[in-house]
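User: Could you walk me through this one? I'd like to go over packing, sheets and backbone geometry.

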Amino acid sequence: MRALNEVWEGAETLEGARLEELDRLLGGLSANALYWTAGYVHARARAAGPQPDAAQPAKASAAAARLTIVYGSQTGNAKRVAEELKERAESQGLNVRVLRADAYPQRELAEERALLIAISTQGDGDPPDDSRALLRFLNSARAPKLPNLRFAVIGLGDSSYPKFCFIGQQLDARLAELGGTRLTARADADVDVERVAGPFARGAIDAAKTLLEVPATRGAKVTSLRPAPVGHSRSRPFAAQVLANQRITANDSELRVHHLELDLTGSGLRYQPGDALGIWPQQHPALVAQVLATAGLDGETAVTHDDQELTLQRWLGEKRELTRLSRAALVEIFERTGNTEGKALVADQAACVDYLAGHQLLDLIARFQPRLSAAEWVSLLPPLQPRLYSIASSVRQVGDEVHLTVAERIDQVDGETRYGVASRQLLELAEGARVPVYIEQNDRFRLPADATRDVIMIGPGTGVAPFRAFVQERASIGARGRDWLFFGHRHLRREFLYQTEWIAALGSGRLARLDVAFSRDQAERRYVQHVLRERGRELVEWIDGGAHLYVCGDATRMAKDVHQALIEILSAVRGQSLDEATAELDRLADQGRYARDVY
Amino acid sequence: MEASVFSPLSDVERIKTASRLLRGTLAESLDDAWTGALRVDDTQLIKFHGSYQQDDRELRNERELAKLEPAYSFMIRTRTPGGVVTPAQWLALDAIAQRYANGSLRLTTRQAFQIHGVIKRELKPTLQAINAALIDTIAACGDVNRNLLIASNYDASPIHAEVHAQAVALGEHLLPRTRAYYQLWLDEEQIAGTPEEEPIYGPTYLPRKFKIGFAVPPSNDVDLFAQDLGFAAIIENGVLTGYNVSAGGGLGTTHGDARTYARLGDTLGFITCADLIKVGEAVLTTQRDHGNRSDRKLSRLKYTIDRLAVDVFKAEVERRAGVVFAPARIVVWRQQGDRFGWQESAAETPGRASLTLRIQAGRIADREAATNLTGLREIARIHAGDFRITPNQNLAIAGITPDTRAAIADLVRAHGLDLHEHLPPVRLNSLACVAFPTCPLAMAEAERYLPAFGAKVEELLENHGLARADIGVRISGCPNGCSRPFLAEIGLVGKALGRYNLHLGGDRLGLRLNRLYRENIDESEILSTLGGLFARYANERENSEGFGDYTLRRVLEVGAGEQP
């Protein structure tokens with residue numbers, strides 16, 4: 001409630017029981033509902049008497065001189081781009097506000113003058129969950145004409161998926177269709193976001209500055225008002241020590257999943273259930289050696305890039321992606337080497353997507369044998385990105401620790417084993433080793449503030465991680481609402497992650513219900529969506545009782561199948577059409593009662 | 001009724017009382033998809049249905065670290081009175097072992113088949129498959145009359161068949177009457193309004209397990225005096241006239257609990273065949289009403305009899321049965337072990353023969369060259385007689401027709417089933433319980449240790465010129481004593497992994513309990529102790545004196561007439 005007190009400074013404040021009561025009423029409300037409530041309360045206040053001066057709302061004309069930055073983010077990359085845009089804009093003296101897409105007041109769109117949007121595309125061309133409502137609004141007939149709007153869109157995506165940056169493209173086209181004018185051309189950022197985000201920010205902010213007529217003199221002074229960040233962050237990670245690293249699939253399982261406990265003591269890092277931990281990985285020395293040998297390069301070669309001189313070995317091991325290729329990198333590599341077969345590959349969208357999904361740099365070098373210098377490799381390969389893991393613990397139970405659930409990512413390519421960079425490293429970490437980490441907030445994936453609400457958690461595989469945090473949190477605060485977990489994996493006996501903890505939670509009553517699907521324990525494959533359907537009637541009862549729904553895990557198949565199952569369940573139990581059920585689910589999402597953390 | 005003397009009732013009594021005749025929440029337990037285990041109370045009730053919940057104890061530690069529950073599985077035990085099955089039933093059990101269990105069959109000292117490693121989800125289909133083969137598992141475990149032990153050497157005389165039939169009739173009479181088994185596993189409809197009751201057992205069954213054995217002297221292969229209730233067939237002028245009845249045998253003890261002891265049955269007297277069922281039921285109900293229901297360590301019939309005194313107990317049985325025991329007939333016992341190899345059948349099945357095979361520790365599996373499971377499957381496909389498990393964990397192929405005789409002999413040789421032709425006596429007459437990794441009671445290895453231990457004993461005997469000495473060795477993983485170690489000439493009773501109590505002094509007839517000689521010793525000490533004893537035995541034995549008799553006389557130095 002600090003924010004509330006600040007806003008109403010000089011006015012009467014609510015304290016004690018009354019404040020708690022207000023808090024309780026607001027608990028569990030979505031952003032939209034909170035905005036509505038704010039308007040309602042404002043109207044009541046106006047009716048009650050004159051406003052104190054300190055609380056004068058911004059004049060409507062403020063929009064004229066303000067840059068609005070909206071982001072739609074699933075894993076935090078778009079949010080980070082938005083924050084970088086904001087810093088840059090403020091350093092240029094612009095008046096800026098940054099809003100998550102679901103917090104953007106849609107009625108203000110018609111008056112908006114300068115708008116920057118950073119939005120990601122998930123899986124097969126899906127929007128991030130926080131943007132669904134805004135996109136529906138924009139794509140509907142209710143969307144206002146926007147003749148006064150100047151805008152720019154940067155899309156984020158992964159070029160190994162067919163519908164790369166699809167949502168950004170769609171949004172960009174739609175804003176133009178509604179009458180908006182581009183401040184600068186749309187940009188599509190691949191997994192190496194910075195490569196595209198930097199130039200986009202320069203172009204977009206310069207154009208906005210001109211538009212909003214900011215005097216050049218205000219310059220960089222504004223930046224100095226912002227205190228430099230003191231804590232650990234993405235760019236300044238904390239070297240967390242490994243306290244425990246325990247395999248949690250049976251030894252005879254084909255799948256290796258580990259439970260990691262890291263020590264955050266002294267880091268100042270705090271997290272909430274739902275947040276993710278960012279890990280800055282390092283490439284496995286064996287992989288670096290293999291890449292060097294296959295490409296015919298000497299790891300000791302010194303390479304200067306971005307004002308930094310390192311040996312090639314270190315560039316590859318610490319600074320470059322080797323396990324994830326991007327289409328952009330492929331295009332440049334084949335351009336540079338004039339490889340016709342390679343050019344044909346990148347020209348064929350579908351073939352390229354297939355290739356990116358199933359191959360790593362090593363495979364590319366072995367097949368196309370690009371002859372490039374050490375310096376060229378360093379400049380062409382995407383910079384190494386951090387990997388995000390949904391946090392599997394609650395600080396209320398583990399204090400200064402943070403727990404992760406890490407599955408080995410492993411593929412067979414032409415008879416050879418290919419690993420994911422972070423999981424390979426994390427699984428091998430010995431107790432006492434250190435790994436650079438930071439907290440990636442995920443405000444879209446939060447427990448209901450009202451602890452009397454029920455929660456339904458659908459988390460097959462490592463998707464169960466945040467629900468361990470949820471259940472720990474709800475146990476610690478003694479939440480009166482009930483918890484229902486849906487889990488799925490291959491075999492009950494081998495791959496039931498945290499089985500003994502769930503059984504203990506059932507025993508204590510913390511977990512009211514536990515439903516499981518083990519896909520390979522019977523002839524017919526059986527997944528969580530099948531169990532959801534079997535429990536349809538009770539699920540709808542819970543939802544009608546105000547339960548919050550959460551889904552975490554695989555985005556490409558599971559989240560879609562679960563989404564479809566939920567639609568069909570709502571339709572079947574309530575006798576609604578599928579469209580009505582879809583709309584109902586959208587409403588739940590808008591109210592923050594259907595949240596997903598999928599990847 | 002003396003039951004009220006015992007309070008509080010043990011927790012198992014509470015579970016039985018609340019179980020609605022053995023149903024409990026078993027149906028719900030089977031539906032708990034998140035665990036391979038049953039709910040706690042149901043782990044007691046499942047026993048009455050012929051199964052134990054177990055777990056792989058060697059995986060416990062690593063699974064606990066991995067936040068996984070223990071690797072639960074179920075042992076299923078058949079109710080096969082006298083251990084007799086047809087070739088078709090053999091093939092069915094073989095297929096079940098491969099499909100649902102760990103690919104092996106285990107022959108028990110109570111002439112039952114056990115399969116191990118059945119997971120909860122497959123319990124029901126497994127039990128359905130067993131029942132489809134016309135075998136059930138009702139009361140194979142639990143506080144009821146267990147699988148009947150019946151003298152196995154059927155071909156020795158036609159009397160065996162008569163004894164077998166009478167024994168089976170008694171067993172049927174003492175079966176629980178609840179329909180729970182049929183409803184839970186075989187989808188029998190529950191018929192509304194038909195009251196169900198247990199006329200013999202009552203709603204809480206017995207205080208503890210109850211074991212009955214039938215012996216046909218002179219063979220005591222069933223270890224008659226280790227049974228709660230024993231019947232020794234009395235044959236006069238070639239006719240089965242009745243039985244000497246003994247009661248109160250039992251070998252299970254608890255380490256460190258001086259109130260527990262192994263005990264041989266007391267002979268109560270002689271009854272005619274016509275009184276068999278009345279007397280059997282009377283002994284069982286006397287134990288039902290007078291057994292200790294508070295402390296399960298002290299609840300077997302042997303403690304009841306010692307508490308009441310034999311005469312009081314006998315009078316109560318006579319009163320309940322309406323039968324007066326006649327003086328016991330004189331019986332001569334000559335052997336405890338099996339007769340291996342080929343034997344010609346009794347007169348009524350001319351031309352037929354039986355072949356008794358040595359099965360090490362009762363385990364039938366395919367192991368390298370010893371493809372026993374495959375071999376017996378092949379034999380079952382051509383065999384026209386039946387299979388009979390002996391009380392010594394061995395297997396008789398009985399009623400072999402002349403036309404299959406050669407083929408069966410070939411298969412026996414080809415699949416390594418001919419141990420009886422190669423092993424010295426000491427390794428033919430040994431027993432071991434299952435123990436690790438599945439038995440929850442095991443403190444030390446037994447079945448898995450027997451082959452190695454047997455080989456070492458064999459070598460020791462050879463070193464002392466005793467290669468042909470016929471010495472009975474029994475290993476049990478715990479003092480519960482499933483391999484009846486307290487009747488052995490050399491008995492090892494598990495104390496901890498790799499450590500055993502060494503018992504000496506059994507008589508090779510099952511008429512004498514042995515005695516603890518060395519406590520909690522490891523293999524090297526066991527072997528050096530035995531080596532020293534073998535050296536003395538080789539020099540000091542008298543005539544054909546057995547090793548047990550020798551140790552009793554010279555090592556344990558128990559005086560004549562004194563029970564060790």
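Predicted model: local features only at pLDDT ≥ 70, side-chain atom pairs only at ≥ 80, totals over all residues.

User: Start with chain A: how do the axes of α11 and α12 cross?

Analyst: In chain A, the axes of helix α11 (residues 327-337) and helix α12 (residues 340-347) come within 9 Å and cross at roughly 150°. With angles over 145 degrees counted as roughly antiparallel, α11(A) and α12(A) are therefore roughly antiparallel to each other. Their crossing is left-handed.

User: Which residues of α11(A) and α12(A) meet there?

Analyst: From α11(A) the contact takes A:Arg327, A:Leu330, A:Val331, A:Phe334 and A:Glu335, and these meet A:Gly342, A:Lys343, A:Leu345 and A:Val346 of α12(A). By class, the residues of this contact of α11(A) with α12(A) are 5 nonpolar, 1 polar and 3 charged.

User: And what about α12(A) with α13 of chain A, where do those axes stand?

Analyst: The axes of α12(A) and helix α13 (residues 349-358) of chain A come within 5 Å, crossing at roughly 100°, and that makes α12(A) roughly perpendicular to α13(A). On the α12(A) side the residues are A:Leu345, A:Val346 and A:Ala347, which meet A:Gln349, A:Ala351, A:Cys352 and A:Tyr355 in α13(A). The contact of α12(A) with α13(A) divides into 6 nonpolar, 1 polar and no charged residues.

User: What do α18 and α20 of chain A look like as a pair?

Analyst: Helix α18 (residues 465-477) and helix α20 (residues 499-508) of chain A have axes that come within 12 Å and cross at roughly 30°, and the crossing is left-handed. A:Phe467, A:Arg468 and A:Val471 of α18(A) make the contact with A:Glu501, A:Trp502 and A:Ala505 of α20(A). In terms of class, the contact of α18(A) with α20(A) has 4 nonpolar, no polar and 2 charged residues.

User: Switching to chain B, what is the strand order in the sheet with mixed pairing?

Analyst: That open sheet of 5 strands in chain B runs in the order β6-β7-β8-β9-β10, with mixed pairing. Its edge strands are β6 (149-150) and β10 (266-272) of chain B, each of which pairs on one side only. Strand β9 (residues 239-247) of chain B is joined to β10(B) by 6 bridges, and the two run antiparallel; B:Ala247 stands opposite B:Asp266 in β10(B).

User: Which helix packs on that sheet?

Analyst: Helix α9 (residues 276-290) of chain B does, touching β7 (212-215), β8 (229-236), β9 and β10 of chain B, and the direction of α9 makes about 160° with that of β8(B).

User: What about the antiparallel sheet in chain B, which strands does it have?

Analyst: It is an open sheet of 5 strands in chain B, ordered β3-β16-β17-β12-β11, with antiparallel pairing. At the edges stand β3 (84-85) and β11 (341-344) of chain B, each with a single partner strand, so one side of each is left without a neighbour in the sheet. Strand β12 (residues 353-357) and strand β17 (residues 395-400) of chain B pair in the antiparallel sense over 4 bridges, and the bridge partner of B:Leu357 in β17(B) is B:Leu395. Helix α13 (residues 402-414) of chain B lies across β11, β12 and β17 of chain B, running at about 155° to β17(B).

User: How much area is buried between chain B and chain A?

Analyst: About 1600 Å² is buried between chain B and chain A, with carbon and sulfur atoms giving 53% of that area. The contact takes 16 residues from chain B and 22 residues from chain A. In chain B, the residues that lose the most area to chain A are B:Trp34, B:Lys67 and B:Leu68, together 47% of what that side buries.

User: Last topic, the backbone: which peptide bonds are cis?

Analyst: Among them is the bond from B:Pro217 to B:Pro218, with omega near 10°, and B:Pro218 is found in the loop between β7 and β8 of chain B. Another one is the bond from B:Phe436 to B:Pro437, with omega near 5°, where B:Pro437 is found in the loop between β18 (431-432) and α15 (450-463) of chain B.

User: And what is the phi of A:Cys165?

Analyst: A:Cys165 has a positive phi of about 55° although it is not a glycine, and its place is in the loop between β4 (150-156) and α6 (166-177) of chain A. Most residues other than glycine have a negative phi.

Notes:
Residues numbered from 1 in each chain as written. Chains lettered and ligands numbered in written order. Heavy atoms only, no water. Axes fitted to C-alpha atoms, helices over the stretch in contact; angles between N-to-C directions. Parallel < 35°, antiparallel > 145°, perpendicular 65-115°, else oblique. Left-handed = near helix turned anticlockwise from the far one by under 90°. Contact = heavy atoms within 4.5 Å. Nonpolar A, V, L, I, M, F, W, Y, C, P; charged D, E, K, R; others polar. Pairing = 2+ DSSP bridges. Buried area = accessible area lost by both parts, 1.4 Å probe.
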